[in-house]
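Student: Hi! Could you walk me through this one? I'd like to start with the sheet.

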Amino acid sequence: MKTFRVRMSSVAVSVVAVLLAAACGGSTSSGGGLGSGDLLVGVIAPFTGADAGLGPAYYAACLAAAPSINNNGGVGGRKVKCQQFDTRGEPADAVPAANQMVASNSNLMAVVGCTSDEAATVAPIIDRAHIPMFCMTGQSEFNKTPLQYFHRLVPADIYDAYAMVGSALYGPGHTPYKRAALVFGNDIGSQAFVQPATNAFTGLGGTIAINQPINLTSTSFRTEVTAMLATHPDVILTEALGAAGTYLGEVKTLNGGQMIPFIGTSATIDPTWFKQVSDAIGVQSVVDNYAGVDLGYSFSGPAYDEFITNLNAAASTFADAPKYKQRGSTLHLYDGIIMSALAMVQTNSSDPKVYNAKIKEIANGTAGATVVNTYKDGVAAIKAGKAIRFVGAGGENQFDQYNNSVSGYILVKYDSQGNEVKVASLSPDQTAKIAAAGGI
Amino acid sequence: MSLFEAAFGFGLVSMSVIALAAVGFTMQFGITNIINLAYGQVMITSAYVAYYLNRAGVSIWIGMIAGAIFGALFSFLLNRIVYAPFQRKGTTLLGMVIVSLAVSLMIANLLLPIVGYYSTSYHQDPGGLIRLGGIALTSNQIVIIVIAVAVMLAIHGLLTYTRLGKAMRATAANPSLARNCGIPTQRVVDAVWLITGALCGLAGVVAALNADSFAIASGAGFLITALAAAVLGGAGQPYGAMIGAVIIGMVTELSAAQWSPEYKDVVAFGILVAVMVLRPQGLLARRGALAAAG
């Protein structure tokens with residue numbers, strides 16, 4: 001009997017252990033002077049778990065930005081390095097990761113990443129440590145955030161949702177879709193799209209055929225797909241990172257080999273997402289049926305040229321880095337790191353309390369500021385005594401008083417190689433109608 | 001077509017996949033006294049073995065056999081190289097749980113640089129939909145059900161009618177007594193690791209095929225459902241694991257049809273918790289480890 005109890009206790013402990021495992025996966029001187037020793041950029045994001053595809057895109061940004069800085073004198077001679085801090089996409093795991101990052105690294109110059117999965121929990125920690133952060137969260141709670149060190153170079157999710165509605169109603173190559181299925185992951189980040197998309201789509205005469213929050217850790221969605229197909233939607237609006245291949249593969253199978261058009265958020269402009277979905281439903285089905293929304297990037301110019309050169313070179317450290325050549329978040333975080341370095345140079349300080357405010361000034365520019373596109377040109381201009389405005393690989397930024405930078409959307413698709421192809425832009429009139437219907 | 005009829009059909013597929021994994025897992029525990037938390041990682045590693053063969057042009061059905069063979073050899077070596085030495089040193093059952101958790105993490109982190117974090121899929125046409133009333137399954141799914149039924153019958157035959165099966169049951173019940181009776185328990189344990197490893201590998205390929213898209217992170221999910229079914233049925237009980245698989249597989253699909261799909265796992269694991277409260281030993285545990293059915 002005792003043996004039996006021990007065995008059962010072990011089973012119970014094992015269950016708990018597995019559930020826990022599943023739930024989880026230099027010095028800076030203060031004041032004047034840039035100090036000495038290496039500087040660190042913390043990349044805090046999911047590198048394992050359902051959203052494991054996000055972290056590498058941000059890590060690639062840092063790997064590209066570091067040589068831009070280091071090959072041009074560093075930050076007052078200090079080299080920039082990158083380190084991953086895995087949140088597993090779970091707030092419970094993100095908090096210790098953030099605390100460990102802040103407590104163990106006094107040389108943090110900036111933090112990038114912090115997706116919607118963990119931003120609400122890690123941003124306050126980073127803010128209390130007075131480290132400038134560039135977060136890839138679209139959560140509306142950051143639209144008017146009091147966090148002084150928070151920066152966001154992408155629009156709030158609400159705009160992504162509106163752009164998807166714009167694609168459904170005004171996108172090229174189809175009549176306006178009337179019935180939409182909302183298929184979003186049940187994670188915090190994905191669910192942020194649901195209400196604004198519902199408001200805007202129904203406000204402009206559409207019908208939500210079904211709203212399906214799906215469990216991203218499930219290995220099958222056949223019943224969910226059957227229920228969705230029974231509502232006969234014209235289009236699927238979706239962000240279900242990690243589960244998209246399974247879900248859409250089952251859509252094709254259960255719909256007699258035919259896909260339903262599907263529109264993804266800007267996070268679906270991603271090489272891991274493309275591979276996952278094209279493996280499941282075939283490349284041609286993605287090319288024919290997928291539409292996405294993205295910020296309007298030029299993918300050209302001196303800033304982008306340097307970015308792409310460094311990104312390709314980063315393949316020696318991270319083989320997949322070159323795949324992020326058109327990933328918006330990679331471009332933006334690359335810019336954020338360079339702006340932070342320029343702010344340090346301009347203030348001649350490694351104290352974030354000093355250089356943090358300068359980041360916004362460098363991004364927005366001041367009257368008469370010299371526009372620079374690379375770290376090298378920025379340092380040269382600063383040494384020449386000029387005020388600068390940095391326009392980087394991701395284009396112009398315009399931070400508001402809450403350090404949110406918003407820019408316009410384009411409608412895109414994939415080509416057969418997985419490259420983003422612009423197919424249309426939303427006109428200001430269309431954007432205004434959607435925003436009005438959505439309630440902004 | 002009724003959604004519930006369709007969900008019932010999908011439940012047949014889910015329970016088949018879960019049963020393949022859970023029976024191997026629970027037999028490992030029942031006979032070797034090791035709660036092998038690396039089981040899910042062996043499953044996903046086997047799935048990748050089949051994947052690379054499949055990408056090289058080999059049929060997924062051949063890949064499935066290769067995955068089973070890989071799982072058998074990998075599990076056998078895992079026991080011989082890692083688990084058995086710890087057991088010989090008298091490591092407690094709880095200690096072995098931690099060892100297996102460490103092995104699980106090591107496999108995952110060794111596998112990551114090789115396969116990457118990308119989700120991927122087999123090159124395998126799912127086959128046309130075959131309808132039976134409100135149930136619509138692909139030919140692949142029907143093959144999965146047939147494989148699961150055949151394997152369950154084979155396990156039943158092994159445990160009930162063969163000398164090896166009887167030796168396995170004797171070893172599970174009392175290893176010292178079995179040894180004194182002339183049963184070569186070490187060879188029996190080796191055979192158990194080979195057989196359950198093959199089940200593990202087979203289950204990994206079947207689960208990956210069933211999921212349409214899989215990634216290295218899928219291993220944890222595979223383990224949780226296998227563990228849940230095994231615990232629900234009574235740890236160490238192959239027939240209990242089969243019953244557990246039926247319950248978990250059916251409940252997840254039917255609850256997705258009835259309520260919001262985001263809660264389907266909540267419902268399934270809620271039943272698991274309820275059973276554990278009312279009957280902590282699981283549904284069939286009173287029979288003793290590896291007891292025969294009936």
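Tutor: Happy to! A definition to begin with: two strands pair if DSSP finds at least two bridges between them. Helices (H or I, at least four residues) and strands (E, at least two) are themselves DSSP runs, numbered from the N terminus. This is a predicted model, where local features need pLDDT of at least 70, side-chain atom pairs count only at pLDDT 80 or more, and totals for chains, interfaces and linings use all residues. Residues are numbered from 1 along each chain as its sequence is written, while chains are lettered from A and ligands numbered from 1 in the order in which they are written.

Student: Got it. What is the order of the seven strands in the open sheet of chain A?

Tutor: The order in chain A is β7-β6-β8-β9-β10-β13-β14, and the pairing is mixed. β7 (207-214) and β14 (420-425) of chain A stand at the edges with a single partner strand each, so one side of each has no neighbour in the sheet. From one strand to the next, the twist averages 25°; axes here are lines fitted to C-alpha atoms, for helices over the stretch in contact, and angles run from 0 to 180 degrees between N-to-C directions.

Student: In which sense do β10 and β13 of chain A pair?

Tutor: Antiparallel, over four bridges, with β10 covering residues 290-295 and β13 residues 409-414 of chain A. As for a bridge partner, A:V293 has A:L411 in β13(A). Also, α8(A) packs on the sheet, touching β6 (179-185) and β7 of chain A, and its direction makes about 175° with that of β7(A). Contact means that the C-beta atoms of two residues, placed from the backbone, lie within 7 Å.

Student: Is A:H232 buried or exposed?

Tutor: Exposed, because A:H232 has 11 other C-beta atoms within 10 Å. The cut-offs are 20 or more such atoms within 10 Å for buried, 12 or fewer for exposed, and partly exposed in between, with C-beta atoms placed from the backbone. A:H130, in the loop between α4 (119-128) and β4 (133-135) of chain A, also isn't a glycine and has a positive phi of about 60°. With 15 other C-beta atoms within 10 Å, A:H130 is partly exposed.

Student: And helix α13 of chain A, how many of its residues are buried?

Tutor: 19 of its 20 residues. Helix α13 (residues 328-347) of chain A should span 28 Å at 1.5 Å a residue, and its end C-alpha atoms are 29 Å apart, which agrees. That expected span is 1.5 Å times one less than the number of residues. Just after α13(A), A:N348 takes a positive phi of about 50°.
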